[in-house]
Amino acid sequence: MASGLSPVPDASAGAVVEPSPPADAVPTTAIDGVEYTPAPLDRTATFYVAGHRGLVGSAIVRRLEAAGFENVVGRTSAELDLKDRDATFAYFAGTKPRFVVLAAAKVGGILANSTYPVDFLSDNIRIQTNVIDAALAHDVERLLFLGSSCIYPKFAPQPIREDSLLTGHLEPTNDAYAIAKIAGILHIQAARRQHGKAWISAMPTNLYGPRDNFSPQGSHVLPALIRRYDEAARSGASSVTNWGTGTPRREFLHSDDMADACLHLLEHYDGPSQVNVGTGTDVTIREIAATIGSVVGYQGATEWDTSKPDGTPQKLLDVSYLASLGWTAQIPLEEGLRRTYEWYLENAASLRG
Ligand SMILES: NC(=O)C1=CN([C@@H]2O[C@H](COP(=O)(O)OP(=O)(O)OC[C@H]3O[C@@H](n4cnc5c(N)ncnc54)[C@H](OP(=O)(O)O)[C@@H]3O)[C@@H](O)[C@H]2O)C=CC1
Ligand SMILES: C[C@H]1O[C@H](OP(=O)(O)OP(=O)(O)OC[C@H]2O[C@@H](n3cnc4c(=O)[nH]c(N)nc43)[C@H](O)[C@@H]2O)[C@@H](O)[C@@H](O)C1=O
């Protein structure tokens with residue numbers, strides 16, 4: 001992040017260089033039937049990544065900088081609490097971002113979501129409402145809101161298509177978080193309808209990668225298991241105990257793939273429907289546990305604590321619309337796991353939690 005943690009450069013300084021149109025700049029039909037033409041984003045514009053230190057936000061910063069964006073900016077939650085409406089508006093007034101990705105949120109695994117539903121609802125509603133309203137007030141040109149696959153009904157037909165939204169009851173372990181995310185999707189659609197904004201929403205499946213949350217109680221399953229199996233391998237433990245039955249199925253996408261999909265969507269999609277982002281394949285929790293055990297070299301037994309919640313039995317996303325826009329995931333699960341484990345080993349001493 002070249003200028004992100006220092007004052008934002010004067011927007012009037014330097015000539016604006018418009019990038020040339022992409023080779024594939026042919027009209028595309030959006031998921032809801034609207035036609036639009038892919039358009040590259042101006043690499044010199046100020047680009048605010050809300051949540052730039054998190055799992056997804058940090059991957060987006062890496063992807064944007066690799067793509068030549070010169071003015072990627074961000075603030076930590078200590079520097080700018082996005083729950084504070086006045087502070088959020090003041091930041092937008094001072095920074096004047098032209099592009100925004102909203103990757104700041106209160107995020108956690110199944111236990112955190114089910115234990116603290118008020119926090120997941122209230123914090124996320126406030127963060128996203130403040131950012132979206134400030135972006136409206138300060139005329140942000142392109143904004144990408146990140147939701148989650150948990151917005152879909154617990155028993156949605158698999159793989160889950162975008163039009164399954166609001167067709168059934170939510171999974172109770174994360175309904176509060178899901179309702180906040182659904183409100184975000186509607187907020188983006190409302191900004192499109194009422195103010196003509198070219199803003200969009202993406203719904204990621206379960207994500208993992210460097211800078212994930214590895215805290216034993218608060219994290220998602222994949223970082224939790226990397227830590228648990230690594231610690232067991234080191235201590236020579238004869239068994240580890242995971243949560244639930246191990247039978248639920250989950251789809252895992254590396255954060256670098258997610259970041260690539262975000263930029264692709266911003267340059268190739270402009271429609272009101274949220275767009276699913278995933279790999280199109282899933283595994284059982286038992287299978288991912290076995291793979292992680294093998295990646296970290298754990299040789300003991302695995303037990304299952306069925307007093308812990310399983311959550312939804314399956315939430316495999318239908319990613320055919322995103323594929324029709326020209327994007328598919330590139331990082332195989334086992335390779336992504338190895339890369340994440342390497343990052344974990346290098347950073348274990350300084351992890352949160
Ligand atoms: N991880 C996953 O499996 C999935 C994530 N998502 C979505 O992707 C997005 C990013 O998630 P992820 O990267 O995993 O989450 P992380 O917890 O890794 O990062 C969240 C980021 O949000 C920032 N943040 C949180 N609260 C505030 C606040 N009050 N003010 C300012 N910044 C705040 C944090 O800033 P700081 O570090 O400075 O405190 C952090 O950088 C979220 O919208 C999430 O819902 C969707 C599906 C799956
Ligand atoms: C991304 C998504 O993440 C959350 O939903 P989830 O997919 O259910 O998330 P999870 O990764 O925490 O669990 C997946 C599965 O794995 C099992 N499991 C085993 N052992 C551990 C374990 O040690 N930790 C965790 N967390 N899970 C474990 C666990 O019992 C469950 O069956 C949402 O709340 C919401 O945040 C959201 O949108």
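Predicted model: local features only at pLDDT ≥ 70, side-chain atom pairs only at ≥ 80, totals over all residues.
Reader: Why is R98 called partly exposed?

Author: R98 has 19 other C-beta atoms within 10 Å. A residue is buried if 20 or more lie within that distance and exposed if 12 or fewer; R98 is therefore partly exposed. R98 is found in the loop between α2 (85–95) and β5 (99–102).

Reader: What makes V140 a contact of R98?

Author: Two residues are in contact if their C-beta atoms lie within 7 Å. R98 touches V140, and also A45, T46 and E141, not counting residues up to four places away in sequence. The C-alpha atoms of R98 and V140 are separated by 4.9 Å, although the two residues stand 42 residues apart along the chain.

Reader: Why are β4 and β12 placed at the edges of the sheet?

Author: The open sheet has 6 strands in the order β4-β3-β5-β6-β7-β12, with parallel pairing. β4 (71–73) and β12 (275–277) each have a single partner strand, so one side of each is left without a neighbour in the sheet. From one strand to the next, the twist averages 20°.

Reader: How do you know that β3 and β5 pair?

Author: Pairing requires at least two bridges between the strands. β3 (residues 46–50) and β5 have 4 bridges in the parallel sense, so the two strands pair. The bridge partner of V49 in β5 is V101. Helix α1 (residues 55–66) packs on the sheet, touching β3, β4, β5 and β6 (142–146).

Key:
Residues numbered from 1 in each chain as written. Chains lettered and ligands numbered in written order. Axes fitted to C-alpha atoms, helices over the stretch in contact; angles between N-to-C directions.
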